Amino acid sequence: HAHAEPEVAPEADTTEVKRRPFIALKNNLLYDLALVANLGVEFGFAKHMAINLFATYSPWDIRKPDLKMRTLLLQPELRWYFAQDFVGHYIGIEGHYGWYDVAFCGKDRYQDKDGDTPLWGAGLSYGYVKDFNEHWGMDFSISAGYAHLVYDTFYNIENGAKHNTSTLDWWGPTRVGISIYYRF
């Protein structure tokens with residue numbers, strides 16, 4: 001008669017994904033292609049949560065006077081990552097606030113009303129973060145939502161006269177990004 005050993009339950013896997021609070025510096029390569037300086041700083045602060053602060057600045061004329069992209073734009077975003085280690089898919093809520101003076105080779109130039117009526121709005125974001133190693137990676141993102149603009153229209157010539165003031169309520173894409181980052 002054989003003696004059976006009592007069955008022992010396998011040990012539960014207590015390995016937990018460790019969250020990595022971090023600070024990351026980012027640069028959106030798509031904005032670089034458009035000759036718009038940009039910088040993002042992301043702070044991972046809770047199990048799935050991070051704050052991403054993104055700013056663009058473009059103080060120059062690309063081709064005077066008919067092509068210019070003078071902007072200062074701030075876009076804070078609250079992100080929720082599906083994974084606890086701040087990689088993979090995320091969703092977010094973003095806001096935007098900024099000043100602009102732009103011309104696109106047409107007969108008109110557009111500027112926030114009186115130079116002191118910034119655009120503002122908010123939207124939802126989706127993205128995916130891919131780590132290359134402990135410090136470097138890519139962040140692919142898209143945001144869509146609402147933007148409110150009150151702007152003056154000028155003739156797009158040197159010292160062109162203002163000929164209209166308009167309001168635009170925009171629903172659609174508010175940011176797209178392919179960013180490289182460095183995490184500390």
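Biologist: How many bridges join strand β5 to strand β6, and in which sense do they run?
Modeller: Strand β5 (residues 67–81) and strand β6 (residues 88–104) are joined by 13 bridges and run antiparallel. Strands (E, at least two residues) and helices (H or I, at least four) are DSSP runs, numbered from the N terminus, and two strands pair if DSSP finds at least two bridges between them. This is a predicted model, in which local features need pLDDT of at least 70 and side-chain atom pairs count only at pLDDT 80 or more, while totals for chains, interfaces and linings use all residues. Residues are numbered from 1 along each chain as its sequence is written, and side-chain values use heavy atoms, with hydrogens and water left out.

Biologist: Which residue in β6 is the bridge partner of Leu67?
Modeller: The partner of Leu67 is Phe104.

Biologist: And what lies between β5 and β6?
Modeller: The two strands form a hairpin with six residues between them. Phe86 is found in that loop and has a positive phi of about 60 degrees, although it is not a glycine.

Biologist: Is Phe86 buried or exposed?
Modeller: Phe86 counts as buried because its relative accessibility is 0%. Buried means under 20% relative accessible area, exposed over 50%, and partly exposed in between (1.4 Å probe, protein chains only).

Biologist: Which other strands pair with β6?
Modeller: Strand β8 (residues 119–131) runs antiparallel to β6 and is joined to it by 11 bridges; there, Gly98 has Leu119 as its bridge partner. Strand β7 (residues 108–112) also pairs with β6 in the antiparallel sense, over three bridges, and Asp101 stands opposite Gln111 in β7. The hairpin of β6 and β7 has three residues between the strands, and Cys105 takes a positive phi near 65 degrees in it.

Biologist: Where else does a residue other than glycine have a positive phi?
Modeller: Leu35 is one of them, with phi near 65 degrees. Leu35 is found in the loop between α1 and β2 and is partly exposed, because its relative accessible area is 47%.

Biologist: A change of topic: which residues make up the largest nonpolar core?
Modeller: The largest core has nine residues: Phe22, Ala24, Ala50, Tyr81, Phe86, Val87, Tyr90, Val129 and Tyr181. A second, separate core has seven residues, including Tyr100, Val102, Ala147 and Leu149. A nonpolar core is a set of buried Ala, Val, Leu, Ile, Met, Phe, Trp, Tyr and Cys residues joined through side-chain atoms within 4.5 Å.

Biologist: What is the volume of the largest pocket, and which residues are closest to its centre?
Modeller: The volume of the largest pocket is about 810 Å³. Of its 27 lining residues, the closest to the centre are Thr71, Leu73, Tyr100, Leu119 and Leu149. On a 1 Å grid over the protein atoms alone, a pocket is an open set of points with protein on both sides within 12 Å along at least five of seven lines, a cavity is a set of points where a 1.4 Å probe fits but cannot get out, and lining residues have an atom within 4 Å of a point. Grid points are joined across faces, edges and corners, and a volume is the space filled by probe spheres set on the points.

Biologist: How does the lining of that pocket divide by class?
Modeller: The lining of the largest pocket has 20 nonpolar, six polar and one charged residue. Ala, Val, Leu, Ile, Met, Phe, Trp, Tyr, Cys and Pro count as nonpolar, Asp, Glu, Lys and Arg as charged, and the others, Gly among them, as polar.

Biologist: How many cavities of 30 Å³ or more does the structure hold?
Modeller: The structure holds one; the largest cavity has a volume of about 80 Å³. Its lining has one nonpolar, six polar and four charged residues, among them Lys26, Arg79, Asp139 and Arg175. The largest share of this lining, three residues, comes from β10.

Biologist: Which side chain does Glu42 contact?
Modeller: The side chains of Glu42 and Arg79 are joined by a polar contact of 3.1 Å. Such a contact is a pair of N or O atoms within 3.5 Å; within protein, one must be able to donate a hydrogen and the other to accept it, and residues adjacent in sequence count only if both atoms are side-chain atoms. Glu42 lies in strand β2 (residues 37–44) and is buried, because its relative accessible area is 2%.
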